[in-house]
Amino acid sequence: MRTTRRLGLLLTTLLVALLATTPTGAVAAPTADAPPGPVTGLTLTPLRDGVGLAWTLPPDADLAEVVVRRAAGTTAPATPTDGTQVASGLLTQWSDTGLDFVDTWSYSVFAHDAAGQWSAPVSVTGATLDLPGASLTHSTTASQVSLEWGLPTDERVAGLRIARIGCSDPWTETSHVDVPRPTSSWADTGLSPGVQYCYDLRTYDQDGRTQRTPRRAAFKTLFIDPVTDLTATVSGTTVSLRWTLPTNPAPAEVVVWRQAPSSSPVEVYRGRGTSVVNRNLLPEQHYLYTANAMTADGKASPLASVGATTVHTWTRATVAPMTGSPQHVQCPRTSWCLSTDASNRYQVLGSSGWSSPVAIDPAVESGPTELSCPVVGWCLAASADGVRQYTRSAWQPLSSVPQPPAGTTVTALTCTSPTWCVAMTTGPRATVYDGTRWSAPTYLSSLRGVDFLDVSCQVAGRCFAVGRSATSGSAWRASLVSGRWSTAALDTAGRGVDEVDCPTSSFCIASSAYGTWTVAGTTWSAKRAASTSNAERAVTCASASTCIGIDGGGRGVRWNGSSWGSATRFVATGVTLTSLSCPKGATPCTGVDDRGGDYRWSTAAGWRRIGTFDLTSGGLTRVSCPSATSCMAMDQRGWFYRFDGTSWRSPSKPLTGPAELDCAASGFCLAVESMPPARYRTLSSAGTWSSVRALSGASQLGSPHCYSSTLCMVIDIDGRAWQWNGTSLVLSGTPFSGTADGGWDVRVRCTSATFCIAVSNGGWWSRWNGTTWRTRAHLPGALAGAGTVVMDCATGSMCLAVVDSGATARYDGRDWTELTLNGRTPGARLADLSCSGVTTCLAVHPYTNTTGPVRWTGDGWEDAGPYGRETYGDSVDCPTARRCVVVGPVEALWTVDPAPVG
């Protein structure tokens, strides 16, 4: 017992001594324990020239290192000696670079401890980033599939390999072709009609190695090609149609249909000919003609279509009615939308596309100011004449729809269902609709003079409105929560907010050019600073992180949940988006522009322009008549109209934007777009348009004037003169110093190859002698700096100029002289002036005198007789002393003038 106690004491003493003599920090020799566990969370991220690996180390106290082994193919290294070692150490990640994109690689990660014990491997298989693919578009005929593509900017991509493959067995390749950069199109020809052909498309690199993942596509050739060159020529109430037949294969017959608005199609021709004359139609009626080529077994080609508008043979005609220009679109589902336009028409988008435009009320000219469609097939709209309801596939009569309280004008409207809507009205006031009646208005008394311009609801009864002060322009908000409205300022003077949307039951977003606000539940956020892409004109959301809007320039922008940015792939050129709508919780969203364009936006594809669904025209800007039986006019949308002495022909569209034109006596015409970029076209005396041409170096172009097919002159907003020399427009001097001289509205007239004269709104004038422009000088007396100047010349020694006040000056070949009119003034604010002779000029007013034009008699002005009804004269041209043509916004009228005086 004592011996045992002594032995224990001795061991204890030795142990204490040993510990006392061990140096600080020394590590005792390892003892045998369990091997380390494997790494966890192994991931592989493809890189451009390799892969990135990441993992978590095992929790082993004596872990020495991890070893990464690589093997080609899909079988990973099974032991620490298999494959190739690519990394070792106490690492948690590694990038293995220098790999080829065509191969697949397998990796195993092993861990071992200080005793040399290895963990089980953890493996992963993957590859580098593949070669990027090409974007693709296609078209087909009865014998050909045509492909066009855009290659990615990746410098590894050398071209596109197109392989024709079996449609039932995509692994069977029948042929292929490699198309190198920069070629971006290819056609598969000699195909059979009505057959599906399948393709495998892969980009390839300079060594011919192809993209791992192909793009596969299938295209079916047409059973028969459509007719081409379908044209419609209108003469009064007769429409003459012509077309060209397809040849491969030739059709068994052609079928032509005619359709008037709100009517069923009527067959007007069936046969193998190339023309038909359709007579005895209604006057001033627009018809749509469609033509199909047919096979012997009844297969139809794609439609060819053309529109034609019949005309009266009266001396007054509606030439360019204000039609189209979509203003609102609402899409409660991706499969159903309703759009209204400025001409009070509506269209419905369903499974077969947009319906034809139908008047909401033929007696009302202007379209709705507000529109809300909470469910498919039901909408509420506010117009100047009241609130209208769309149900049962039609707009109900105004008399059958409950109206908001009398004395209110709706400024904003939204509905969560057909039985719950809220309208913000002037006052400001708010009223709620329960499906049968509107509530008494609630006055937001603390905000007199504030107009709430948009309102949106998370759910029925919880809504948020934004607007601006009518006096200071400051931004305000209003919140409806638990049956009570509250208001607060959002932003300072001049920073109004017009747009808000609530895509979910707990989120809203409001946006302006000056900032963005969000609502979480019922709490408004602080203002987020504006970006260059802030939504200003519209906001619509599919979710709290997916919104699109329209910025101040009419361009599409996107909210990603934290900020606004450019909405990718928006390609609307020369148009302005007017309305957007996203179904709650889904994309694509739908957009419309001011010229009838139809767009879709989705998170995956960005913007796509679908086409034109609402023909938009109207607003004549200029008329020019080479002769008594030939006149040309342009409208604000770039549509072109031709008068043959008795009627106006159906419009064509040589330019996309607002345009003006002038024609020489020979019939040659020059048309220029009135908005940047500077572009123009010429029309030959034979009636053939040139291609559209850009005018490099020019700013916004003014009204042109043509003396002959080799001399026209047009002056841009910076005062530069551009001369048509028979081939192109070329710079011909700078008669004015830009906008400082009133260069934004210059009238120019040419009466010979060596005489042109120009006057500007700044009261300046200059003359061109065939080579150079003389130094500018002021117009005399009351015409100097007196505002808009209208001017025309009968000869090089007789021109008239008139300013807004009616003051008139005459040019005698050397200088201008202000005339004493002795009370025989033309009236205020003339719009245009045309002189057919030294003592015969006719002038028109846009709105200050709508009863009739005025005539220059050689020594003063006098009334030229009534129009017969109110007419807004925006432009006039008198090709002879007895024939003048006047155009207003939508109509033209022509007359035989009395014989010249004197």
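In which strand is Thr-518 placed? The close-ups below start with that residue. They show a predicted model, in which local features need pLDDT of at least 70 and side-chain atom pairs count only at pLDDT 80 or more, while totals for chains, interfaces and linings use all residues. Residues are numbered from 1 along each chain as its sequence is written, and side-chain values use heavy atoms, with hydrogens and water left out.

View 1. Thr-518 sits in strand β42, which covers residues 515-520. (Strands are DSSP runs of E with at least two residues, numbered from the N terminus.) Thr-518 counts as buried because its relative accessibility is 10%; buried means under 20% relative accessible area, exposed over 50%, and partly exposed in between, using a 1.4 Å probe and protein chains only. Leaving aside residues up to four places away in sequence, Thr-518 touches Phe-507, Cys-508, Ile-509, Thr-523, Trp-524, Ser-525, Arg-528 and Trp-559. Contact here means heavy atoms within 4.5 Å. With Arg-528 there is also a side-chain to side-chain polar contact of 3.2 Å. (A polar contact is a pair of N or O atoms within 3.5 Å; within protein, one must be able to donate a hydrogen and the other to accept it, and residues adjacent in sequence count only if both atoms are side-chain atoms.)

**View 2. The disulfide of Cys-502 and Cys-508.** Cys-508, one of the residues that Thr-518 touches, forms a disulfide with Cys-502, and their sulfur atoms are 2.0 Å apart. (A disulfide is a pair of cysteine sulfur atoms within 2.5 Å.) The torsion about this S-S bond is about 100°, so the disulfide is right-handed. Cys-502 is buried at 4% relative accessibility, and Cys-508 is buried at 0%. The structure holds 15 disulfides.

**View 3. Two further disulfides.** Cys-706 and Cys-712 are linked with their sulfur atoms 2.1 Å apart, and this link is right-handed, with 105° about the S-S bond. Cys-706 is buried at 4%, as is Cys-712 at 0%. Another disulfide joins Cys-878 to Cys-884, with 2.0 Å from S to S. Its torsion is about 110°, so it is right-handed. Cys-878 has a relative accessible area of 6% and is buried; Cys-884, at 3%, is buried too.

**View 4. The second largest pocket.** How is such a space found? Rolling a probe the size of a water molecule over the atoms shows where empty space is left. The second largest pocket has a volume of about 970 Å³. Its lining has 45 residues, and the closest to its centre are Gln-330, Leu-371, Thr-414, Asp-454 and Asp-501. (On a 1 Å grid over the protein atoms alone, a pocket is an open set of points where a 1.4 Å probe fits, with protein on both sides within 12 Å along at least five of seven lines; lining residues have an atom within 4 Å of a point.) Strands that each supply at least two lining residues include β23 (326-333), β36 (450-459) and β49 (577-581).

**View 5. Ser-366 in a loop.** Ser-366 lies in the loop between β27 (358-359) and β28. It is partly exposed, at 41% relative accessibility. Ser-366 touches Ala-342 and Asn-344, not counting residues up to four places away in sequence. Although Ser-366 and Asn-344 are 22 residues apart along the chain, their C-alpha atoms are separated by 5.1 Å.

Notes
Helices (H or I, at least four residues) and strands (E, at least two) are DSSP runs, numbered from the N terminus. Grid points are joined across faces, edges and corners, and a volume is the space filled by probe spheres set on the points.
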